[in-house]
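Subject: Handing over a structure

Hi there,

Here is the structure I promised to pass on to you. Have a look at it first, and then read on for what I found.

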Amino acid sequence: MNLLEFLILQIALFDLVEDILYVVGTIFAAILIALSISAYRNTHLKKILYAIIAFFLFGVFLFYEFLEHNIPLDNPFTDIILPSMGLSILVLFFFAIVNKK
Amino acid sequence: MEDKSSNSNLNKERILNFIQKNPGCYLRQIRNELALSMGSVQYHAYQLQKSGKITSTRQGLYKLHFQSGAFQDHEKKIFQVLNQETPREIIMFIIEQKNPTQTDVVNWLGLSAPSINWHVKRLIELNILDEVKDGKFRRYKLHDNIDPKSIMELLKTHHPSLWNKWSIRLVEMFLSLSDEDK
């Protein structure tokens, strides 16, 4: 890490921006969950269920990151949990696309 | 005291009239059109439903209201479809063009073939559309029991909400990404 990067990381504003991005991302995930639930109730299309779970996981992912950033959770599994969530989201979208029914 | 009661009865009567004239309307629509408070609309709608004068059916986040006995379940489904953007546009195009082919509908709406197929299948299942084979083409027309004039009247009064539009677009996005029904 060079000196400039180190100094930037010390600025409180960057922490604030990071928190705002996590919160906005979580709110968007919640809107997408509600939208996909509404779409499922209107159409009963099974592949929308994958989207609901994927958006839910994405919301949890961002909220967990937010918690990690503000309250150190010291969870030794964090390094496994977060990439697993990312992978699960991609797998769910993949299934939503390839699943026939 | 009497004034309050007659006012309340008047509002109830106005709501009932509105529902009779606008079958399938939802509470927010009634509130906006009659300039009443949401609490008052909810209260009267509940009372009217309890007394059996109206019925309601849920569609997503909305409750659609109907005069009791005026509509069959099948007709209520038509209202639900008319509140969705793409099926509504497909029906309008078919009324306008009479017997368009599947390709005409896809080109006109600019959506993917799987999305159009999926919507058309639902409309055929609901007995709103019929599919007619014409050589190697598939043509669509309104079901024989559906009167285009009455559908046009309903299309004027039923508009999809923004939320409904977005939720259907989400479905279309997934349908376009998959090659279902191609």
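How many salt bridges does the rule count over all chains? The count comes to five, where a salt bridge is a side-chain nitrogen of Lys or Arg within 4 Å of a carboxyl oxygen of Asp or Glu. In one, the side chains of B:Arg169 and B:Glu85 meet at 3.0 Å, N to O. B:Arg169 belongs to helix H9 (residues 162-177) of chain B and B:Glu85 to helix H5 (residues 85-97) of chain B, so this pair ties together parts that are 84 residues apart in sequence.

Some ground rules before you go further. This is a predicted model, in which local features need pLDDT of at least 70 and side-chain atom pairs count only at pLDDT 80 or more, while totals for chains, interfaces and linings use all residues. Residues are numbered from 1 along each chain as its sequence is written, chains are lettered from A and ligands numbered from 1 in the order in which they are written, and side-chain values use heavy atoms, with hydrogens and water left out.

On confidence: chain A averages a pLDDT (the predictor's confidence in each residue, from 0 to 100) of 84, and 92% of its residues score at least 70. Helices (H or I, at least four residues) and strands (E, at least two) are DSSP runs, numbered from the N terminus.

Now to where the chains meet. Chain A brings 19 residues to the contact and chain B brings 20, contact meaning heavy atoms within 4.5 Å. Together they bury about 1700 Å², 70% of it on carbon and sulfur atoms; this is the accessible area (1.4 Å probe) that two parts lose on being put together, summed over both. A:Leu35, A:Asn42 and A:Ile97 supply 34% of the area that chain A buries against chain B, more than any other three residues. Between chain A and chain B there are zero salt bridges.

Finally, a hairpin in chain B. Strand E3 (residues 129-134) and strand E4 (residues 137-142) of chain B run antiparallel and are joined by six bridges; strands pair if DSSP finds at least two bridges between them. B:Glu131 has B:Tyr140 in E4(B) as its bridge partner. Two residues lie between the strands, and B:Gly135 takes a positive phi near 65° in this hairpin.

Happy exploring!
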